[in-house]
Amino acid sequence: MRIHVEIVSVEARHVARSMWGNFWQQQKGVRGPSPMNEFPRRGEGWSWYTWPQGVVVVRVTLADGTTGLGYSEDGIGAATLMVNAHLGRIATGLDATSTEQIWEQMYRSSIVYGRKGAAIEAMSAIDIAIWDAVGKSLGRPVYELLGGPSGKTVRAYASKVQPDDDLREVRRMARDYAERGYTGVKANFPYGPADGRTGLLANLRYIEAIRDELDDHIDLMSDAYMGWDRPFATAMLRGLAGLGLRWVEEPLIPDDVSGHAMLRDLGLVPIATGEHEFTRHGFQHLLDAGAADVLQPDVHRVGGITELRRVCQMASGSGIEVIPHVYSAATLHVVLSQPNCGWIEHLTNPSYWGADQRVDSLFHGEPEVLAGSPALPTAPGVGLTVNAAAMPELADWQE
């Protein structure tokens with residue numbers, strides 16, 4: 001039964017905390033390639049991690065009093081400004097169930113400053129909040145409104161094994177994930193082009209050690225995090241061929257679409273990319289170029305639940321698997337409903353983080369991952385509520 005419930009307000013607040021929990025702080029001290037590796041480092045850790053931590057949280061209120069929450073990354077506060085100054089006004093007054101129309105109006109009205117980046121992240125937060133509100137108004141989880149569940153068992157892969165000079169420690173991390181029931185494990189590469197042949201060989205020894213530690217039924221994924229160039233990536237893929245990798249992720253910067261297609265055409269190791277791509281238009285470019293075996297859209301970047309579903313359906317028509325970036329409740333609802341989504345990434349609380357390094361989640365209600373599979377959400381909407389202990393700025397939004 002269709003409802004018609006008007007959106008009466010869209011509010012956004014900026015919270016100066018990372019949506020990634022401890023992950024941000026941890027990555028500053030971890031060796032590994034990044035888009036900034038070709039430049040001299042300034043200070044400790046990756047120069048890639050220099051912008052402020054932050055998240056935009058959006059609350060949508062419907063005419064029947066129902067509220068919905070959505071969020072996305074927003075370090076410098078640009079997305080928050082866009083919601084409050086413009087995009088929220090576009091959505092206000094529209095029928096909340098008309099998600100396609102709302103999305104298109106926000107996108108077209110922001111073309112002059114949007115199309116990618118912070119504007120689409122702002123739209124993502126609004127879109128997720130609208131789906132949350134509609135689900136609550138109907139008393140149903142969002143995945144049911146999306147056509148699911150598909151009936152399949154969704155598996156979560158552990159992200160990730162971190163580089164370490166001591167391969168015994170690397171093996172320990174991989175073994176820890178396997179013992180916790182994960183049937184997929186992802187490892188970040190330690191080295192990139194600046195490290196030359198020495199780094200290339202060290203990367204191979206690192207992957208070989210992890211593969212040797214894992215049972216045959218456990219998939220091993222790998223991530224270069226946009227830090228390689230074409231020659232280094234080509235040499236790495238030749239060395240990795242035969243090691244049974246599920247994929248190599250983001251070997252090049254996202255905009256080198258033809259480079260990803262060239263690496264895929266080598267037929268050595270499957271190529272995954274897309275976590276830094278925006279909207280179905282960006283993913284159409286990847287599909288047209290034949291640039292990926294696996295697409296990895298992020299619901300908090302790509303344009304929210306509405307656009308992530310579109311990307312999944314586009315990819316399905318091309319026989320391409322979609323394994324979204326990052327674990328979140330909104331991501332899980334889409335994955336549950338789409339037949340070509342069998343995995344979900346899980347940024348874990350891994351064994352290399354001490355208990356004193358962990359922080360509270362920003363929201364309550366995120367489904368647990370047990371024995372390598374996420375729990376089926378049962379709450380209406382997306383299912384999240386504000387954790388006021390972690391975000392006291394939003395204590396008045398706590399339900």
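This report walks through the fold, the cores, the salt bridges and the cysteines of the structure above.

The model is predicted, so local features need pLDDT of at least 70 and side-chain atom pairs count only at pLDDT 80 or more, while totals for chains, interfaces and linings use all residues. Residues are numbered from 1 along each chain as its sequence is written, and side-chain values use heavy atoms, with hydrogens and water left out.

**Overall form**

Let us begin with the whole chain. The secondary structure of the protein chain comes to 13 helices and 15 strands; helices (H or I, at least four residues) and strands (E, at least two) are DSSP runs, numbered from the N terminus. For 399 residues, a compact globule would have a radius of gyration near 21 Å, and the protein chain agrees with its 21 Å. That radius is taken over C-alpha atoms, and the globule rule is 2.2 Å times the number of residues to the power 0.38. Along the principal axes, the C-alpha atoms fill a box of roughly 60 × 45 × 45 Å.

Of the 399 residues, 59% count as buried. Buried means under 20% relative accessible area, exposed means over 50%, and partly exposed lies in between (1.4 Å probe, protein chains only). Among contacts (heavy atoms within 4.5 Å) between residues at least 6 apart in sequence, 74% join residues at least 24 apart.

**Inside the fold**

A nonpolar core is a set of buried Ala, Val, Leu, Ile, Met, Phe, Trp, Tyr and Cys residues joined through side-chain atoms within 4.5 Å. The largest one has 84 residues, and those with the most contacts inside it are Val 57, Val 161, Leu 240 and Ile 305. A second, separate core of 30 residues includes Leu 62, Ala 79, Ile 102 and Met 123. What does Val 57 touch, leaving aside its neighbours within four places in sequence? Its contacts include Glu 11, Leu 69, Tyr 71, Phe 363, Met 391 and Trp 397.

**Salt bridges**

The structure holds 30 salt bridges, each a side-chain nitrogen of Lys or Arg within 4 Å of a carboxyl oxygen of Asp or Glu. Here are three of them.

| Pair | N to O distance |
|---|---|
| Glu 277 and Lys 116 | 2.5 Å |
| Arg 264 and Asp 293 | 3.0 Å |
| Asp 298 and Arg 301 | 4.0 Å |

Glu 277 lies in the loop between strand 8 (271-273) and helix 10 (279-289), and Lys 116 in the loop between helix 3 (99-109) and helix 4 (118-138), so the pair ties together parts that are 161 residues apart in sequence. Glu 277 is buried at 7% relative accessible area, whereas Lys 116 is partly exposed at 40%.

Arg 264 is partly exposed at 25%, and Asp 293 is partly exposed at 27%. Asp 298 is buried at 1%, and Arg 301 is buried at 9%.

Salt bridges also link Glu 100, Glu 104, Arg 108, Arg 280, Glu 307, Arg 309 and Arg 310 in a network.

**Cysteines**

A disulfide is a covalent bond between the sulfur atoms of two cysteines. How many turn up in a search of the whole structure? The search finds 0 disulfides, counting pairs of cysteine sulfur atoms within 2.5 Å. The sulfur of Cys 312 has its closest cysteine sulfur in Cys 341, 3.6 Å away, which is too far for a bond. Cys 312 is buried at 0% relative accessible area, and Cys 341 is buried at 0%.
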